[in-house]
Amino acid sequence: MTVAVVLLTTAFVTVVALLAAAAAGKLARMDHASYPTALTRAATTFAAVITLAVAVAGTLATLLT
(Lines give C-alpha, C1' and ligand atoms only; values in the text may rest on other atoms or scores of the structure.)
Protein backbone atom coordinates (compact mmCIF):
# COMPACT_ATOMS: atom_id res chain seq x y z
CA MET A 1 0.00 0.00 0.00
CA THR A 2 2.73 2.48 0.92
CA VAL A 3 4.69 1.77 -2.26
CA ALA A 4 1.59 2.44 -4.34
CA VAL A 5 1.02 5.80 -2.63
CA VAL A 6 4.64 6.81 -3.20
CA LEU A 7 4.49 5.84 -6.89
CA LEU A 8 1.17 7.63 -7.39
CA THR A 9 2.46 10.76 -5.68
CA THR A 10 5.64 10.70 -7.74
CA ALA A 11 3.66 10.35 -10.95
CA PHE A 12 1.36 13.20 -9.93
CA VAL A 13 4.25 15.54 -9.11
CA THR A 14 5.94 14.68 -12.42
CA VAL A 15 2.77 15.43 -14.39
CA VAL A 16 2.29 18.74 -12.56
CA ALA A 17 5.93 19.66 -13.23
CA LEU A 18 5.55 18.83 -16.92
CA LEU A 19 2.38 20.90 -17.19
CA ALA A 20 4.04 23.85 -15.48
CA ALA A 21 7.06 23.54 -17.78
CA ALA A 22 4.84 23.40 -20.86
CA ALA A 23 2.96 26.48 -19.70
CA ALA A 24 6.21 28.36 -19.05
CA GLY A 25 7.54 27.43 -22.48
CA LYS A 26 4.30 28.48 -24.16
CA LEU A 27 4.23 31.79 -22.29
CA ALA A 28 7.85 32.42 -23.24
CA ARG A 29 7.06 31.80 -26.91
CA MET A 30 4.03 34.09 -26.69
CA ASP A 31 6.42 36.73 -25.33
CA HIS A 32 8.44 36.32 -28.57
CA ALA A 33 11.34 34.48 -26.95
CA SER A 34 13.47 32.26 -29.15
CA TYR A 35 13.05 28.49 -29.00
CA PRO A 36 16.25 27.95 -26.96
CA THR A 37 15.17 30.62 -24.47
CA ALA A 38 11.70 29.11 -24.17
CA LEU A 39 13.19 25.67 -23.63
CA THR A 40 15.51 27.04 -20.97
CA ARG A 41 12.60 28.66 -19.15
CA ALA A 42 10.59 25.44 -19.36
CA ALA A 43 13.50 23.39 -18.01
CA THR A 44 14.06 25.87 -15.19
CA THR A 45 10.38 25.70 -14.25
CA PHE A 46 10.41 21.89 -14.31
CA ALA A 47 13.46 21.80 -12.05
CA ALA A 48 11.94 24.35 -9.68
CA VAL A 49 8.72 22.36 -9.29
CA ILE A 50 10.63 19.13 -8.62
CA THR A 51 12.90 20.92 -6.13
CA LEU A 52 9.91 22.42 -4.34
CA ALA A 53 8.23 19.00 -4.13
CA VAL A 54 11.38 17.46 -2.65
CA ALA A 55 11.65 20.27 -0.09
CA VAL A 56 8.02 19.89 0.95
CA ALA A 57 8.37 16.10 1.18
CA GLY A 58 11.47 16.44 3.33
CA THR A 59 9.76 18.88 5.64
CA LEU A 60 6.68 16.70 5.96
CA ALA A 61 8.81 13.63 6.61
CA THR A 62 10.59 15.48 9.40
CA LEU A 63 7.34 16.68 10.95
CA LEU A 64 5.52 13.34 10.71
CA THR A 65 8.28 11.18 12.21
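This is a short tour of a predicted model, from the whole chain to single residues.

The model is predicted: local features need pLDDT of at least 70 and side-chain atom pairs count only at pLDDT 80 or more, while totals for chains, interfaces and linings use all residues. Residues are numbered from 1 along each chain as its sequence is written, and side-chain values use heavy atoms, with hydrogens and water left out.

**Whole chain**

The chain has two helices and zero strands; helices (H or I, at least four residues) and strands (E, at least two) are DSSP runs, numbered from the N terminus. Helix H1 covers 2-30, and helix H2 covers residues 35-64.

Switch to the C-alpha trace. Along its principal axes the trace spans about 45 × 20 × 15 Å. The radius of gyration is 15 Å, whereas a compact globule of 65 residues would have a value near 11 Å. This radius is taken over C-alpha atoms, and the globule rule is 2.2 Å times the number of residues to the power 0.38.

Next, colour by accessibility. Buried residues make up 12% of the 65 residues (buried is under 20% relative accessible area, exposed over 50%, partly exposed in between, with a 1.4 Å probe and protein chains only). The chain exposes about 5000 Å², of which carbon and sulfur atoms supply 79%. Accessible areas come from the Shrake-Rupley method with a 1.4 Å probe; for residues, only the protein chains shown count as cover.

**The largest pocket**

Select Val-5, Val-6, Thr-9, Thr-10, Val-13, Thr-14, Ile-50, Ala-53, Val-54 and Ala-57, which line the largest pocket. About 250 Å³ of space lies in this pocket. On a 1 Å grid over the protein atoms alone, a pocket is an open set of points where a 1.4 Å probe fits, with protein on both sides within 12 Å along at least five of seven lines; lining residues have an atom within 4 Å of a point. Grid points are joined across faces, edges and corners, and the volume is the space filled by probe spheres set on the points.

Helices H1 and H2 each supply at least two lining residues, with the largest share, six residues, coming from H1.

Pick Ala-53, in helix H2. Ala-53 is partly exposed, with a relative accessible area of 25%.

Then pick Thr-14, in helix H1. Thr-14 is partly exposed, at 31% relative accessible area. From Thr-14 to Val-3 the C-alpha distance is 16 Å, for eleven residues of sequence separation.

**The loop**

Move to His-32, in the loop between H1 and H2. Its phi is near 65°, a positive value in a residue other than glycine. His-32 counts as exposed because its relative accessibility is 73%.

**The nonpolar patch**

Finally, select Leu-52, Val-56, Leu-60, Leu-63 and Leu-64, which make a nonpolar surface patch of about 550 Å². Patches are made of residues with over 30% relative accessible area and no salt bridge: like charges are joined within 9 Å, nonpolar side chains (Val, Leu, Ile, Met, Phe, Trp, Tyr) within 5 Å. A salt bridge is a side-chain nitrogen of Lys or Arg within 4 Å of a carboxyl oxygen of Asp or Glu.

Leu-63 lies in helix H2 and is exposed at 65% relative accessibility. Leu-64, also in helix H2, is exposed at 72%.
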